[in-house]
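Please keep the sequence and the model in view while reading.

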Amino acid sequence: MNNRNGMTWSQYNEKTKNKPIRPLLLKSLELFDGYKGNAVEIGSGAGNESIFLHNNGWNVLAVDKNLDGLNNLQKEYPQIQILNDAFENLNKLPECDLVFSAYSIPFCEPQYFNEFIDTLLKSLKTNGRFAGNFFGLNDEWAKLNTDMTFCTAEKTKSFFGKFEIEYFNEDEFIGKIANGEEKYWHTINIIARKIK
């Protein structure tokens, strides 16, 4: 199966292996102020962030629909739990302190999206955090893909009614995708703490 980079997911994982840790994850960990608990990475891909979390004392569940990446991850780090499933099929996750997702959430089909987000946020304990990226309506892929989900800033914020939004950034820019081609990006980036 191909992703929006014109590659298979296995090729994408190979291309992105050992990339720098996403700043959004680092920012969310700073907010925990040294606390380490249970983390779920949604769309773990090559596993860079799951490995980083594990190496920094977190218990990690990596979730991805591509089994190759998960198998490679568990061969090297058997302590990391894996879950091989499509986002559309997820209806329950273990209770956790952190849900992290880098540029993966939009790949959930629109008809399942609200339920998918609800599943992610319900898994968080009180004071747990969500950190992730949504794609805005001006994203280049929004014109091409009816099987992906794109949101306004207002719609994104509406998912977090029971949360304190600790970081929110909306950005539009031209940047490269994994295969080296340029793309117009519209990202909505959020860290939010569950307050009830």
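The points below concern a predicted model and take up a helix pair, a strand residue and some backbone angles.

1. The helix pair. Helix α2 spans residues 23–32, and helix α3 spans residues 48–55. The two pack at an angle of about 25°, and their axes lie 11 Å apart. Because an angle under 35 degrees counts as roughly parallel, α2 is described as roughly parallel to α3. The crossing of these two helices is right-handed.

2. Residues at the helix contact. Which residues of α2 meet α3? On the α2 side they are L25, L26 and L29, and on the α3 side their partners are E49, F52 and L53. Sorted by class, the contact of α2 with α3 comprises 5 nonpolar residues, 1 charged residue and no polar ones.

3. Burial within α3. Five residues of this helix are buried, namely N48, E49, S50, I51 and L53.

4. The backbone after α3. Just after the helix, G57 adopts a positive phi of about 95°.

5. A residue in strand β7. N189 belongs to β7, which covers residues 182–194. Is N189 buried or exposed? Its relative accessible area is 8%; since the limit for burial is under 20%, N189 counts as buried. Its side chain is joined to that of T187 by a polar contact of 3.3 Å. Apart from neighbours within four places in sequence, N189 is in contact with L24, G132, N133, Y167, F168 and N169. One of these, L24, falls within the residue range of α2.

6. Positive phi at D33. Phi of D33 is near 50°, a positive value in a residue other than glycine. Where is D33 found? D33 sits in the loop between α2 and β1, the latter being residues 38–42. With a relative accessibility of 71%, D33 is exposed.

7. Positive phi at Y103. Y103, likewise a residue other than glycine, has a positive phi near 55°. Y103 is placed in the loop that runs between β4 (96–101) and α5 (110–122). Its relative accessible area is 27%, and Y103 is therefore classed as partly exposed, the category between under 20% and over 50%.

Notes
Residues are numbered from 1 along each chain as its sequence is written. This is a predicted model: local features need pLDDT of at least 70, side-chain atom pairs count only at pLDDT 80 or more; totals for chains, interfaces and linings use all residues. Side-chain values use heavy atoms; hydrogens and water are left out. Buried means under 20% relative accessible area, exposed over 50%, partly exposed in between (1.4 Å probe, protein chains only). Helices (H or I, at least four residues) and strands (E, at least two) are DSSP runs, numbered from the N terminus. Axes are lines fitted to C-alpha atoms, for helices over the stretch in contact, and angles run from 0 to 180 degrees between N-to-C directions. Angles under 35 degrees count as roughly parallel, over 145 as roughly antiparallel, 65 to 115 as roughly perpendicular and the rest as oblique. A crossing is left-handed if the near helix is turned anticlockwise from the far one by less than a right angle, and right-handed if clockwise. Contact means heavy atoms within 4.5 Å. Ala, Val, Leu, Ile, Met, Phe, Trp, Tyr, Cys and Pro count as nonpolar, Asp, Glu, Lys and Arg as charged, and the others, Gly among them, as polar. A polar contact is a pair of N or O atoms within 3.5 Å; within protein, one must be able to donate a hydrogen and the other to accept it, and residues adjacent in sequence count only if both atoms are side-chain atoms.
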